[in-house]
Amino acid sequence: MSEKKTMRLTLKVWRQNGPQDQGRFETYELDNVNPDWSFLEMLDILNMKLVREGKEPIAFESDCREGICGTCGFVINGRAHGHLHKTTVCQLHMRHFKDGETIVIEPFRATAFPVLKDLIIDRSAMDFILKRGGYISVNVGSAPDANTIPVPKHNSDRAFDFATCIGCGACIAACPNASAALFVSAKITHLALLPQGHPEREKRVDEMLTAMEEQGFGGCSNTYACEVECPKGISITGIARANLEYWRAKLKGN
Amino acid sequence: MSAKPYLLRKIISALTGLFLILFLIVHLYDNIFLFFGEEAFNTKAKELLSNPFIRVVEVLLFLSLIFHIGYGIYITVKNKKARNVPYKKIDWQTPFYKRMMWLSGTVIFLFLVIHLQSFLVPYRITGEADNLYQLVVLTFKNPFYTGFYIIAFIFLGFHLLHAWESAFQTFGFNHPVFTPIIKIIGWVLAIGITVGYSVVAIVAYLIL
């Protein structure tokens with residue numbers, strides 16, 4: 001195996017002891033960074049170094065580390081999940097950075113996302129929105145026969161595109177207004193496209209958009225910054241669709 | 001704090017905004033009468049004043065302006081509050097004019113105050129000026145006035161560029177075929193309004 005060229009990085013990381021702490025950037029130097037490491041592996045190595053030096057390791061979240069759980073996520077050089085398109089932080093590799101580069105790492109920032117510690121934020125606000133409308137009514141008991149409810153292929157494909165939201169919060173982080181419109185509309189559109197979602201169709205859109213407001217997220221001003229950063233590539237056409245769902249519900253008198 | 005979906009605020013911006021765009025087009029059409037000479041322009045102005053339909057629409061126009069500005073401020077403040085700690089380093093992936101509607105809006109508002117002060121007040125309210133053509137041409141002879149006028153319309157162009165497309169998205173209309181056409185219309189509209197008004201101002205400054 002050929003010898004891989006390693007990298008040297010300067011990392012400016014946001015450190016904050018708790019929700020009440022002011023927080024500040026701290027600079028770390030890291031040598032011998034393997035370009036094949038993922039960004040989180042790089043932070044793991046940095047943390048091992050910090051622990052060896054008797055310092056507090058950097059707190060960050062991760063779970064699956066294969067880009068599907070939505071647990072990881074912070075802002076790298078001013079971009080949610082880093083500059084690579086349709087990628088979560090865990091799937092971002094160090095080969096996409098330059099040797100000698102200074103990397104600035106900050107948590108996702110929104111009033112609705114209080115920083116718990118360092119890069120970890122509290123994303124409960126998203127769960128509260130989902131609770132208000134991200135469900136459907138089904139008969140309990142044994143599973144229904146396949147094809148009892150016909151779903152056109154086109155609709156199921158489109159619904160799936162919006163169902164791929166992993167709830168990471170990058171859209172909110174990337175939005176100039178910290179709006180959760182892309183996240184909320186993904187769920188509204190996903191369920192509006194399927195017959196299973198229709199019993200709560202009107203109630204859902206009103207409830208979820210109201211919940212988004214109550215949680216302190218901003219409104220969508222159609223800058224489409226969210227779409228660029230979404231690791232799953234969810235389209236802002238979903239926001240238009242959710243808007244249409246809202247006007248439809250209003251016109252129906254709900 | 002109101003917990004009504006933001007769309008209820010946004011649609012007011014969109015609807016009043018579209019009405020204001022319609023007004024901009026009609027106003028530009030009226031401005032062109034400046035090229036047809038003093039008599040044609042003054043007759044047109046008198047004609048508009050004596051048209052009862054125009055007087056009713058005028059009230060609607062002022063209401064639209066007040067709502068558009070009021071909700072604009074409200075939406076901006078509310079959206080800024082949604083991020084209480086700003087990013088120390090941020091690399092926005094969205095054009096500056098889409099993020100700066102408050103700034104272009106503020107410039108347009110300042111322009112509007114000056115504009116009404118120089119034309120509407122002397123011609124319609126105090127009655128100091130009877131010959132609107134003379135008043136307009138004289139006002140535009142001031143290079144600072146014409147300069148600011150053009151700058152304001154550049155800001156308005158950027159404002160419209162986002163506004164037009166955004167309004168359709170707010171209504172829930174985003175279509176694979178029609179949305180690209182809407183975007184093109186947006187560009188034509190933004191450039192047309194900015195260039196159209198600026199040309200009238202420059203002609204008034206240089207030639208008339």
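Tutor: Chain A is divided into domain 1 (7-116) and domain 2 (124-251), with bounds from an automatic or database domain assignment. This is a predicted model, in which local features need pLDDT of at least 70, side-chain atom pairs count only at pLDDT 80 or more, and totals for chains, interfaces and linings use all residues. Residues are numbered from 1 along each chain as its sequence is written, and chains are lettered from A and ligands numbered from 1 in the order in which they are written.

Student: How many residues does each domain of chain A give to the contact between domain 1 and domain 2?

Tutor: Two residues are in contact if their C-beta atoms, placed from the backbone, lie within 7 Å. Domain 1 of chain A contributes 18 residues and domain 2 of chain A contributes 16 residues.

Student: How many residues of chain B and of chain A take part in the contact between the chains?

Tutor: Chain B supplies 33 residues and chain A supplies 39 residues. Elements giving two or more residues to the chain B side include α1 (7-31) and α7 (143-171) of chain B; helices are DSSP runs (H or I, at least four residues), numbered from the N terminus.

Student: At what angle do helix α6 and helix α8 of chain B pack?

Tutor: Axes are lines fitted to C-alpha atoms over the stretch in contact, and angles run from 0 to 180 degrees between N-to-C directions. Helix α6 (residues 132-140) and helix α8 (residues 178-206) of chain B pack at about 85 degrees, their axes 7 Å apart. α6(B) and α8(B) are therefore roughly perpendicular (65 to 115 degrees). V136(B), V137(B) and F140(B) in α6(B) meet A201(B), A204(B) and Y205(B) in α8(B).

Definitions and conventions: Angles under 35 degrees count as roughly parallel, over 145 as roughly antiparallel, 65 to 115 as roughly perpendicular and the rest as oblique.
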